[in-house]
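Colleague: I have just opened this one and I am new to it. Could you walk me through a few places in it?

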Amino acid sequence: MAARWSLSLELPGLTLPQHEPIVRAAEEAGYTDAWTGETGGHDGFTALVLAAAWTERMRLGTGVVNVFTRGPATLAQHAAAVSDASGGRFCLGIGSSSNVIVERWNGIPFEKPRTRVRETVEFLRAALAGDRAGPGGFKLEQPPPAAVPIFIAALRERMLQTAGELGDGAFVNFLPLASLPTVMAEIRRGEEHAGKETGSTEVLCRFFCIQGDPEQALGLASWMFAAYATVPVYESFFRWLGYGDAIDPLVDAWRAKDRARAVELAPRELIEDIFILGDADAQRARLDAYVEGGITCPVVMPVPLAPPGTQVAPDTYVELVRSLAPG
């Protein structure tokens, strides 16, 4: 079993105050961490500030916020503030995100993402240590009370190597179990390049866990997969892993604006290798297989089996969280 076990604080349909019983239940059930995402829902920091007040022990992290839509000084301020609010329990997960979020939604050129990540990490290391950072000499008025570990989100080889080289941890996503060795090998190459001890980099992965009738679960998973696999950075990720032929029909249908057909063409075998399906016991066994392959902290995202946009009660999430508790 993993030494760490996290709840993903992406709980669609809930207000932030409705997160409280779920976060409290997670800590009581033995979850060691809570990590947020940031796409079109709540921002990555606010839920963690609230979680800091609701918990005593859980490590709290952004999983992840991107380096284009916030400048490095702003990221440093956010990190220092949440670290202060949580008594030093905060980790900063950053990544380059995607052209959809950065360019299409925010109007910022999505250029040289790896360079942007590397430069941001360099700035943050200095700023969070209380030193002056960047060419402008930015300095935090109140540095964080404890060191803030930096996690780097990565999909393909060069960013995975960067995570192993520069990060305290790597954050991966939508990872087929069969491709886990490929991803881990690139992180290890980064560690080797930096002269770090092999295996010293924490590796977190978000898992979409759908309990319930397998056919219904596959329908929801297919819809989620189609929405992700057609984003250019994820399309490139799956092609790099060797799934180009499997996703080609889906991508062609999506680009032709036939969303329903794209979902129908989502490759079942690949989806079953990515999503965590079945009952709670089967799901925990599947997560354990990832842990055996190198994931040090599964980030569990319980997904209620309901049509997209359906209102889900907080009690439903509490039950799912408890059913997937570690051990």
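Predicted model: local features only at pLDDT ≥ 70, side-chain atom pairs only at ≥ 80, totals over all residues.

Colleague: Fine, let's start with helix 1 and helix 14. At what angle do they pack?

Modeller: Helix 1, which covers residues 20-29, packs against helix 14, residues 314-323, at an angle of about 15°, and their axes are 9 Å apart. Angles under 35 degrees count as roughly parallel, and therefore helix 1 and helix 14 are roughly parallel to each other.

Colleague: And which residues make that contact?

Modeller: Helix 1 contributes Pro 21, Ile 22, Ala 25, Ala 26 and Glu 28, while helix 14 contributes Pro 314, Tyr 317, Val 318, Val 321 and Arg 322. Sorted by class, the contact between helix 1 and helix 14 holds eight nonpolar residues, two charged ones and no polar ones.

Colleague: Changing topic, where does Glu 38 sit?

Modeller: Glu 38 belongs to the loop that runs between strand 2 (33-36) and helix 2 (46-54).

Colleague: Is Glu 38 buried or exposed there?

Modeller: Glu 38 counts as buried, because its relative accessibility is 18% and the cut-off for buried is under 20%.

Colleague: What does the side chain of Glu 38 make a polar contact with?

Modeller: One partner is the side chain of Arg 70, at 2.9 Å. If neighbours within four places in sequence are left aside, the residues in contact with Glu 38 are Asp 43, Gly 44, Val 64, Val 65, Asn 66, Arg 70 and Ile 101.

Colleague: Back to helices, then. How do helix 3 and helix 5 cross?

Modeller: The axes of helix 3 (residues 72-85) and helix 5 (residues 113-128) come within 9 Å and cross at roughly 45°, which makes helix 3 oblique to helix 5. The crossing is right-handed. On the helix 3 side the contact includes Leu 75 and Ala 76, and on the helix 5 side it includes Phe 123 and Leu 124. By class, the residues where helix 3 meets helix 5 are ten nonpolar, one polar and no charged.

Key
Residues numbered from 1 in each chain as written. Heavy atoms only, no water. Axes fitted to C-alpha atoms, helices over the stretch in contact; angles between N-to-C directions. Helix = DSSP H or I, 4+ residues; strand = E, 2+ residues; numbered from the N terminus. Parallel < 35°, antiparallel > 145°, perpendicular 65-115°, else oblique. Contact = heavy atoms within 4.5 Å. Nonpolar A, V, L, I, M, F, W, Y, C, P; charged D, E, K, R; others polar. Buried < 20%, exposed > 50% of the residue type's maximum accessible area, 1.4 Å probe, protein only. Polar contact = N/O pair within 3.5 Å; in protein donor to acceptor, adjacent residues only side chain to side chain. Left-handed = near helix turned anticlockwise from the far one by under 90°.
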